[in-house]
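Have a look at it first, then read on.

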Amino acid sequence: MVNMQRWWLRVGGGGRSYIMILWQRWGKREWAIAAAGFAIVLLAFSFFLSSDSSSPDQFSGTTDTDFVPLVLLRNAVQRGAYCLDGSIPAYHFQKGFGSGTRRWVLHIEGGGWCNTVASCSFRKGTPLGSSNFMEHQVQFSGILSNDPSHNPDFYNWNKVKIRYCDGGSFAGHPESEQKNDTKLFFRGQLIWEAMMDELLSIGLSTAQQALLSGCSAGGLATLIHCDDFRGVLPNDAKVKCLSDAGFFLNEKDVAGNATIQSFYHDVVNLQGVAGSLKKDCVAKMEASKCFFPEQIVKRTNTPVFLVNPTFDFWQIKHILVPGPLDPNDSWYKCQLSIQNCGPEQIQVLQGFRNSFLKALLEFEQMKGGGMFINSCYIHCQTWMSETWHSPNSPRINNKTIAESVGDWFFERKVTKYIDCPYPCNPTCYNMDFTGKRLH
């Protein structure tokens with residue numbers, strides 16, 4: 001019998017309720033969906049989280065708690081763009097106002113990947129594989145907030161939340177469907193193209209400024225499609241990309257196994273992802289290696305900003321110490337909360353941080369790029385107002401993530417911030433799954 005653990009998570013400050021998370025202790029058979037599992041769990045409750053502000057927006061008469069309806073792609077059937085189960089892809093759109101009427105921010109939802117027929121079939125019964133299970137309304141916060149106190153630079157822009165339902169960072173191709181006798185649709189690239197066509201038709205085609213962003217697997221999708229996004233917009237528009245917790249390391253696990261590389265290899269082969277990756281990279285090396293951000297950003301011409309913790313709890317759980325390598329639960333308490341980690345475990349985590357910074361060296365030297373690399377035990381940080389921009393948000397050089405991204409986008413100053421090692425930053429939001437709270 002599979003052992004299930006209950007975790008209780010509290011997000012934010014006073015008044016926040018506790019949410020129970022069921023965490024499966026993965027065995028070898030379950031590893032096929034383990035890499036997506038935790039992201040699915042987080043996304044399952046992400047729509048219940050909103051900004052802690054209830055004050056009205058004096059410019060638009062709306063608040064951070066407004067619900068934004070789900071919109072199904074009108075041109076999906078014509079373009080052959082389907083979610084894993086054959087349903088219609090979707091997005092949420094909130095129109096800009098004032099000075100933001102010709103400015104756009106797009107945010108791609110995250111949620112891991114599926115690397116086998118079984119794991120992709122599992123996703124068909126979730127919002128990450130079918131629009132039939134997506135919420136009809138969601139709340140916008142963080143980088144999508146319309147409250148200037150929570151989103152000072154982008155609050156009045158046209159805002160789009162792109163729902164993620166293909167399991168391949170919008171990079172799959174239908175030709176790969178012929179490899180298996182299933183009813184799965186690998187149409188990520190077609191979804192991306194159909195999504196762009198529809199958004200262009202409702203105003204994106206006249207954008208003066210645009211920012212493509214995404215969280216986790218959506219952050220990887222942002223990097224994959226960054227130059228494509230630049231290409232469909234007016235030549236005179238300012239266009240940039242922001243990847244949040246999307247810089248996944250090609251790092252061996254603590255046992256020396258290439259776990260994440262093997263997983264990515266299966267994703268790329270199953271869904272035919274190679275066709276969406278940088279051609280010069282695929283010509284030089286095995287395609288799955290080109291699915292890693294380190295290879296993508298060095299070949300991307302459009303300016304990119306990276307938001308990432310060096311102690312990314314998702315990467316620690318699924319890349320550094322995957323479940324099958326912890327049969328005695330020696331890492332279990334450490335993964336619940338970094339405060340529970342012993343000195344030797346902290347040393348291993350610091351080594352992972354060093355590998356992360358080494359992978360960023362070439363990008364750090366690139367002109368036009370930006371970084372906010374903190375040492376917090378967290379994953380995505382741009383979609384929640386508490387971590388994006390609030391009085392208690394994580395800071396480096398006394399700048400919040402929102403302020404740092406704004407400085408970079410508008411070229412107010414060069415923004416390449418790298419935090420000191422854990423536990424030096426007292427402003428960190430460190431995830432705690434032991435029944436305590438973020439600290």
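## What counts as a salt bridge

A salt bridge is a side-chain nitrogen of Lys or Arg within 4 Å of a carboxyl oxygen of Asp or Glu. K399 and D407 make one through their side chains, at 3.1 Å from N to O.

Before going further, a word on the source: this is a predicted model, where local features need pLDDT of at least 70 and side-chain atom pairs count only at pLDDT 80 or more, while totals for chains, interfaces and linings use all residues. Residues are numbered from 1 along each chain as its sequence is written, and side-chain values use heavy atoms, leaving out hydrogens and water.

## The overall picture

The chain has 14 helices and twelve strands; these are DSSP runs, numbered from the N terminus, with helices being H or I of at least four residues and strands E of at least two. Of its 439 residues, 61% are buried (under 20% relative accessible area; exposed is over 50%, and partly exposed lies in between, with a 1.4 Å probe and protein chains only).

How much of the contacts with a separation of 6 or more comes from residues 24 or more positions apart? The share is 74%, where contact means heavy atoms within 4.5 Å.

## Bridges across the chain

The structure holds 14 salt bridges. One of them joins the side chains of R79 and D197, at 1.9 Å from N to O. This pair links distant parts of the chain, as R79 is in helix 2 (residues 76–79) and D197 in helix 4 (residues 188–201), 118 residues apart. R79 is partly exposed at 29% relative accessibility, and D197 is partly exposed too, at 35%.

K278 and D227 form another salt bridge, at 2.9 Å from N to O. K278 lies in the loop between helix 6 (259–271) and helix 7 (279–282), while D227 belongs to helix 5 (residues 217–232), so this bridge ties together parts 51 residues apart in sequence. Are K278 and D227 buried or exposed? Both are buried.

## A network of charges

Back to K399 and D407: they belong to a network of salt bridges that also links D153 and R412. K399 is partly exposed, with a relative accessible area of 23%, whereas D407 is buried at 6%.
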